[in-house]
Amino acid sequence: MLEIIAIIIFSIATFAIAFILGLIGMALTGVFILLEDIPSWLWTVVLLTLTIATYRGLRY
């Protein structure tokens with residue numbers, strides 16, 4: 001009887017893990033679609049801004 005319960009628990013856990021991984025995959029796909037809409041030059045502006053902020057922070 002204990003073996004049957006273990007098999008049932010492991011099968012439910014397998015389905016739950018597959019479901020959670022599927023949700024994570026769908027969420028990541030949505031994030032990547034949103035990132036594609038951002039212009040490529042924006043990352044350069046962000047990096048330049050962070051570099052200037054770091055330089056000013058270390059200067060004082």
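**Entry 1: Ile-12**

I started with Ile-12, which lies in helix α1. Helices here are DSSP runs of H or I with at least four residues, strands are runs of E with at least two, and both are numbered from the N terminus. Before going on, I noted that this is a predicted model, where local features need pLDDT of at least 70, side-chain atom pairs count only at pLDDT 80 or more, and totals for chains, interfaces and linings use all residues. I also noted that residues are numbered from 1 along each chain as its sequence is written, and that side-chain values use heavy atoms, leaving out hydrogens and water.

Is Ile-12 buried or exposed? I found a relative accessible area of 54%, so Ile-12 is exposed. The cut-offs are under 20% for buried, over 50% for exposed, and in between for partly exposed (1.4 Å probe, protein chains only).

Then I looked up Ile-12 and Glu-36: they are 24 residues apart in sequence, and their C-alpha atoms are 36 Å apart in space.

**Entry 2: Ile-7**

Next came Ile-7, also a residue of helix α1. Its relative accessible area is 58%, so Ile-7 counts as exposed. From Ile-7 to Val-45 there are 38 residues along the chain, and 54 Å separate the two C-alpha atoms.

**Entry 3: Gly-30**

I moved along to Gly-30 and found it in helix α1, which covers residues 2–36. Gly-30 has 31% relative accessibility and therefore counts as partly exposed. Leu-42 is twelve residues from Gly-30 along the chain, with 19 Å between their C-alpha atoms.

**Entry 4: the whole protein**

How many helices and strands does the protein have? I counted two helices and zero strands.

For the overall shape, I checked the box filled by the C-alpha atoms: roughly 70 × 30 × 5 Å along the principal axes. The radius of gyration is 23 Å, whereas a compact globule of 60 residues would have one near 10 Å. That radius is taken over C-alpha atoms, and the globule rule is 2.2 Å times the number of residues to the power 0.38.

Of the 60 residues, 0% count as buried. The protein exposes about 5700 Å², with 81% of it supplied by carbon and sulfur atoms. These areas come from the Shrake-Rupley method with a 1.4 Å probe, and for residues only the protein chains shown count as cover.
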